[in-house]
Amino acid sequence: MVELTGRVIYAGESGYEDARLNFNTRYTASPFAIVFCQSVKDVINAVNWAQTSGIPVRVRSGRHHYEAFSVANDALIIDLNEMEQIQVGQGQTTIQAGAELVPVYETLSAQGVTIPGGSCATVGITGLTLGGGYGLLARWKGLTCDSLRSIEMVTAAGKVIVANSTQNTDLFWALRGGGGGNFGIVTSLTYQTYSIDKVTVYQLSWNWTEIERIIQFWQTWAAETDDRHTSILKLVPESVGSVFVVGQFVGTEAELRQVLAPLLELAPKAISIETLPYIEAVYAFAGLKPGYPKRLAHWHGSQTKFKNASDYVATPLNAAGIATVINFLKQAPSKNIVLQFDSYGGAIAKISSDATAFTHRQVKFNIQYQTYWIKPQDQTVHVNWVRNFRAAMQPHVTGGCYLNYCDRDLTNWQTAYYGNNWQKLKQVKQRFDPGNFFSFEQSVTSQT
Ligand SMILES: Cc1cc2nc3c(=O)[nH]c(=O)nc-3n(C[C@H](O)[C@H](O)[C@H](O)COP(=O)(O)OP(=O)(O)OC[C@H]3O[C@@H](n4cnc5c(N)ncnc54)[C@H](O)[C@@H]3O)c2cc1C
């Protein structure tokens, strides 16, 4: 029988507690072992070992899955996080599957280029890309998956294959929005890169009492602005006291001020606008300073438990929808709550809803419901707040949900994540993993 190779940690061994930790510490799993692969050969050996032994697998890279579907009790966790090399070429970059976002941006930025990604420093590039990938360049250059040009993957049969616009095109379609852990183990990803130098970032705030008119204005404005501009409306509980709009513009302050002019007419109480090198904007949105220790921002010590979820809005919220938002924020169970509206449109909307597996193209914005707590006794009230809020919003939203902001409570998750793309995803699954070797709570199967 083939042996597990790489850095293997079995249950009970030194390092096991750290190796099984999720970013969302609400969930704790006790895997059989975690294999930290150092090479593609280690990945192949892990797949073949699991196929022979019959032990189920989970695939993991950055550990940021909201519902911790990248780990499971008694499973072999095939972890790619220590395969993190980044090669920068002419107009493209090839990144090993374990790389985290800020090292990617730092390496690319040193060459004057970037890819559109997410804002959290330690999110894994692979999970982000396979589910879509939204960030502060999204309206300029689209989702992360829209810049993907080729991908290398180990199949359930232990074979290395490539998917791109000429090889395994159905798989290439599925891996752009179809989600992680479904079709195989991605070992590297090649993206188109874009030149970038300075960007202009901003934060505007109003008193919480202004919330209704800020929502009303932002929701019809943000998705229609200059494509170089990506805007986020951050709503917090009434007890926190302010309403924020933050964003990034690939251009000068003078140009951005023209874009923001109608918003500035709403008389923010505080205005911060700054032009800075792109990598400093990355640090600003990630809440980091240069030279930070790996994972300082969100890892050991933070011990945060959370319940997040998402919805999409295609037509602006009516008065009842806005009233629902305001009422739930007034009744928030704690201050550790953010309701975030992420603007869509721009480059995201220029790709059709069936051109890749990512279907939510023609929407105004995504709603992120985020709640955080530390003490176990605070869990129920926070989880219920998200569930009840989301339920109350259903008359006002599309019924879709962003896979990267997934939710284990969804009963209709196939439609919510994938819409009309679900049937094709099942066909791709049948072709590349007919035995359902890659399986988890909300995985694509050829049968369902
Ligand atoms: C604090 C925080 C901030 C975030 N910010 C953003 C953001 O700005 N924009 C955004 O779009 N999303 C964001 N996300 C969501 C994030 O994109 C998803 O949680 C994503 O799935 C995380 O990928 P990961 O590799 O870090 O996680 P993991 O838990 O390692 O994996 C996530 C999923 O991908 C699968 N997977 C992992 N590696 C591989 C592989 N090598 N091959 C095949 N499948 C694999 C796993 O099985 C799992 O299903 C954020 C999440 C958190 C917790």
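This is a predicted model: local features need pLDDT of at least 70, side-chain atom pairs count only at pLDDT 80 or more; totals for chains, interfaces and linings use all residues.

Student: How many residues surround the ligand, and which are the closest?

Tutor: A shell is read by counting residues and then picking out the closest. Here 32 residues surround the ligand, and Val-59, Ser-61, Ser-70, Tyr-134 and Tyr-402 are the closest. By class, the shell has 15 nonpolar, 15 polar and two charged residues.

Student: Which atoms of Ser-61, Val-186 and Asn-404 face the ligand?

Tutor: For Ser-61, a backbone N or O atom is 2.7 Å from a ligand oxygen atom. Val-186 also places a backbone N or O atom, 2.9 Å from a nitrogen atom of the ligand. With Asn-404, a polar side-chain atom lies 3.3 Å from an oxygen atom of the ligand. As for area, the ligand taken alone exposes 960 Å², of which the protein buries 94%.

Student: Which elements give two or more residues to the shell?

Tutor: They are β3 (57-60), α4 (125-131) and β10 (185-192). The most come from α4, with four residues.

Student: At what angle do the axes of α10 and α11 cross?

Tutor: The axes of α10 (residues 319-330) and α11 (residues 379-393) cross at roughly 170° and come within 10 Å. Angles over 145 degrees count as roughly antiparallel, so α10 and α11 are roughly antiparallel to each other.

Student: Which residues meet there?

Tutor: From α10, Gly-321, Thr-324, Val-325, Phe-328 and Leu-329 meet Trp-385, Asn-388, Phe-389, Ala-392 and Met-393 of α11. The residues of this contact comprise seven nonpolar, three polar and no charged.

Key:
Residues are numbered from 1 along each chain as its sequence is written. Side-chain values use heavy atoms; hydrogens and water are left out. Axes are lines fitted to C-alpha atoms, for helices over the stretch in contact, and angles run from 0 to 180 degrees between N-to-C directions. Angles under 35 degrees count as roughly parallel, over 145 as roughly antiparallel, 65 to 115 as roughly perpendicular and the rest as oblique. Contact means heavy atoms within 4.5 Å. Ala, Val, Leu, Ile, Met, Phe, Trp, Tyr, Cys and Pro count as nonpolar, Asp, Glu, Lys and Arg as charged, and the others, Gly among them, as polar. A residue is near a molecule or strand if one of its heavy atoms lies within 4 Å of it. A polar contact is a pair of N or O atoms within 3.5 Å; within protein, one must be able to donate a hydrogen and the other to accept it, and residues adjacent in sequence count only if both atoms are side-chain atoms. Accessible areas come from the Shrake-Rupley method with a 1.4 Å probe; for residues, only the protein chains shown count as cover.
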